[in-house]
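Thanks, everyone; I would like to walk through a few local features of one model. Please have a look at the sequence and the structure first.

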Number of protein chains: 2
Amino acid sequence: MHRTKVRIVEDALDANNTIARANRADFDRAGVTVVNLMSAPGAGKTSLLERVAGEVPGVRVGVLEGDVQGSIDAERLAALHIPVTQLNTDPSFGGECHLDANMVRSALAALPLAEIDLLVIENVGNLVCPAEFRVGEDVRVMVSSVTEGEDKPLKYPLMFRTCDLVLVNKIDLLAHLDYDLDRFLYNLDQVHPDVPRMLLSARTGEGVEAWREWLADLALRSPQGAPA
Amino acid sequence: MHRTKVRIVEDALDANNTIARANRADFDRAGVTVVNLMSAPGAGKTSLLERVAGEVPGVRVGVLEGDVQGSIDAERLAALHIPVTQLNTDPSFGGECHLDANMVRSALAALPLAEIDLLVIENVGNLVCPAEFRVGEDVRVMVSSVTEGEDKPLKYPLMFRTCDLVLVNKIDLLAHLDYDLDRFLYNLDQVHPDVPRMLLSARTGEGVEAWREWLADLALRSPQGAPA
């Protein structure tokens, strides 16, 4: 029974990857670079987007906002006058805890791909399942807040291992926490040595300029040239 | 296709509930009251247990520690000289993002039920799926950290709606955050009016005494008398 369950999961992930590749081909044809932005609930994904989305130099940014329910974050981002499309994962009891490639595919027609250069897909707040499902992204960025503790790379290794950039957020709070930043970075290197990382604070703006430049550099490469 | 998916999900939840009832019957027979403790990653479940688990007056506490991988939290709690059993959800790629009734059932034989009065099941850090799966608990307690923002009850309503107590943790950081506690409590009342809530800080110990007393009161009632 256990073996059967593993096979069903693998089949589902294979099917997801096939659709993710189709999404990515469509994004490439439209010349749109895609970021899959992930984190635990409340780590600051939306706040970090608010800081940069309207002002990446030379790059038109759009957001696909994934939530179980509601449109609180989409409304925050729409106030920046950038195109925002809401995707809710709750067709039934409880809702899905992650976006998958098929959900993103269902939103393709609603995305203004001709009007943007960079699409940020803000995933559901969760450190487990979003890491398992590619959605057609060029790169994966994750946010880890210093309030969550230093042990998170060891407890959620797949998420930290499969991302292309780690944003360490809320560093304005470091003076008020028993958080050992060096230990976090050591744990991060245990699961993903040398992954690029940036220390920043969406609240104070410290470090945000580097995150904006990283997005600009990413978008100004062709999608075909971006990391797989 | 959509309707079929909903039915499969409902069938799976029905099967889970059947096993959860069997677990609960076994816990009742052993005279053990069971708490399902849930939160986002890094909200402070383990730290709040460290504060109380060894010293609930007149109550022998045990912990079933749920994690995707590893045993970091179990080792922290074992240092308090209470019985701790580790349950990992990662038999395959990525791991499950929640505990379900069958996983808890598989751990029953390893639990020292004759030696404890209160079992705290520390769930995987996640605000979505753990709320959908009963595991045989008498009550559900969730931790919401003030660092996560005031909007979480609106974004993860099932979790906040189905719990019996909300622990609002990390209140020592309130002076350093743009967090409106009244707005959080208002949002909480929108999805679960009058649910008991406690403000506390695992770091400073503020408010922890009320949490310890709540656990003592719960365990000293018979399991049959606890809320369903």
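By buried I mean under 20% relative accessible area, by exposed over 50%, and by partly exposed anything in between, with a 1.4 Å probe and protein chains only. This is a predicted model, in which local features need pLDDT of at least 70 and side-chain atom pairs count only at pLDDT 80 or more, while totals for chains, interfaces and linings use all residues. Side-chain values use heavy atoms, with hydrogens and water left out, residues are numbered from 1 along each chain as its sequence is written, and chains are lettered from A and ligands numbered from 1 in the order written.

Let me begin with helix 7 of chain A, residues 181–191, where Leu181(A), Phe184(A), Leu185(A), Asn187(A), Leu188(A) and Val191(A) are buried. Seen down the axis, these buried residues fall within an arc of 160°, taken from the directions from the helix axis to the C-beta atoms, so they line one face of the helix. The face turned away from that buried side carries the exposed residues Asp182(A) and Tyr186(A). At the N-terminal end, Asp180(A) caps helix 7 of chain A, with a side-chain oxygen 3.1 Å from the backbone nitrogen of Asp182(A).

Turning to another aspartate, Asp138(A) sits in the loop between strand 4 (118–122) and strand 5 of chain A, and at 1% relative accessibility Asp138(A) counts as buried. The side chain of Asp138(A) reaches the backbone nitrogen of Val34(A) at 2.8 Å.

Methods: Helices (H or I, at least four residues) and strands (E, at least two) are DSSP runs, numbered from the N terminus. A polar contact is a pair of N or O atoms within 3.5 Å; within protein, one must be able to donate a hydrogen and the other to accept it, and residues adjacent in sequence count only if both atoms are side-chain atoms.
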